[in-house]
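Hi,

Here is the structure I promised to send over.

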Amino acid sequence: MSSFSEFNLDPRILSAIARMGYKEPTPIQEQAIPVVMQGGDVMGAAQTGTGKTAGFGLPLISKVLPSANTSMSPARHPVRALVLTPTRELADQVSDNLAKYAADTPLRVGVVYGGVDIRPQSEMLRRGVEILTATPGRLLDHLEQRATNLSQVEIVVLDEADRMLDMGFLPDISRILNHLPSKRQSLMFSATFPRLPNSRNLFCAPTPL
Ligand code: AMP
């Protein structure tokens with residue numbers, strides 16, 4: 001049985017998850033966290049409820065922490081980690097968790113999705129946010145309005161990738177990925193991997209998207 005202290009996570013992350021009552025990592029966390037910490041790409045077969053958000057969220061926060069700062073200047077808070085989700089409900093849920101995991105750090109965590117007023121989101125993006133969760137269509141609206149840019153993203157997560165494809169988001173996702181630097185870490189989570197019959201609840205590999 002492993003413990004969170006084995007993953008080389010920042011003490012500010014460990015204090016947050018202790019407060020949340022996480023005692024030991026779930027299987028997907030055990031497998032994904034070390035790979036992401038080492039800079040590898042990950043494809044994870046995992047449904048909601050397996051602890052996948054912390055599986056990518058804890059190492060993601062750890063990776064962007066060296067750039068954290070308390071400056072008021074928006075330029076000092078570019079988007080460094082991007083999580084794409086199919087629905088606003090999932091976006092909210094993921095971002096809430098990321099905010100809790102990062103609560104003891106100066107990192108800014110934000111979320112944007114469609115179906116609500118775009119202006120408060122634009123203002124938040126213009127002030128700067130390091131860890132952004134978004135649904136694809138609304139993020140493209142913000143990119144078109146130049147409320148944010150993704151040129152400094154170091155790590156991108158496609159959460160519930162299978163649902164995003166089912167919902168027809170592939171063209172939007174492709175356009176978004178074109179805004180990202182080619183040198184980046186890519187993580188993909190999906191409830192199903194039809195062509196990987198052996199994957200039970202996780203397939204974890206250094207595979208580029
Ligand atoms: P997720 O699959 O990421 O949606 O997580 C499902 C639920 O499990 C959420 O309520 C998490 O806060 C919780 N959770 C995630 N990891 C752990 C853990 N290692 N120990 C206890 N609860 C956890």
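A bit of housekeeping first. This is a predicted model, so to speak with its own thresholds: local features need pLDDT of at least 70, side-chain atom pairs count only at pLDDT 80 or more, and totals for chains, interfaces and linings use all residues. Residues are numbered from 1 along each chain as its sequence is written, and side-chain values use heavy atoms, with hydrogens and water left out.

**The ligand**

There are 13 residues around the ligand, and Tyr22, Gln29, Gly49, Gly51 and Thr53 come nearest (a residue counts as near if one of its heavy atoms lies within 4 Å). By class, that shell holds three nonpolar, eight polar and two charged residues. Here Ala, Val, Leu, Ile, Met, Phe, Trp, Tyr, Cys and Pro count as nonpolar, Asp, Glu, Lys and Arg as charged, and the others, Gly among them, as polar.

The side chain of Thr53 puts an N or O atom 2.6 Å from a ligand oxygen. From the backbone, an N or O atom of Thr50 lies 3.0 Å from a ligand oxygen, and one of Lys52 lies 3.4 Å from a ligand oxygen. On its own the ligand exposes 490 Å², and the protein buries 71% of that (areas by the Shrake-Rupley method with a 1.4 Å probe).

**Strand β6**

Strand β6 covers residues 185-190 (strands are DSSP runs of E, at least two residues long; helices are runs of H or I, at least four; both are numbered from the N terminus). Six of its six residues are buried, so β6 is largely enclosed by the rest of the structure. Buried means under 20% relative accessible area, with a 1.4 Å probe and protein chains only. Gln185, Leu187 and Phe189 point one way, and Ser186, Met188 and Ser190 the other.

Strand β1 (residues 42-45) pairs with β6 in the parallel sense over four bridges, and Met43 has Met188 as its bridge partner. Strand β5 (residues 155-158) also runs parallel to β6, joined by four bridges, with Ile155 opposite Gln185. Pairing takes at least two DSSP bridges.

**Leu180**

Leu180 sits in the loop between α8 (170-177) and β6. Is Leu180 buried or exposed? Buried, with a relative accessible area of 7%. Leu180 touches Leu82, Leu150, Val153 and Val156, leaving out residues up to four places away in sequence (contact means heavy atoms within 4.5 Å).

Cheers

Definitions and conventions
Polar contact = N/O pair within 3.5 Å; in protein donor to acceptor, adjacent residues only side chain to side chain. Buried < 20%, exposed > 50% of the residue type's maximum accessible area, 1.4 Å probe, protein only.
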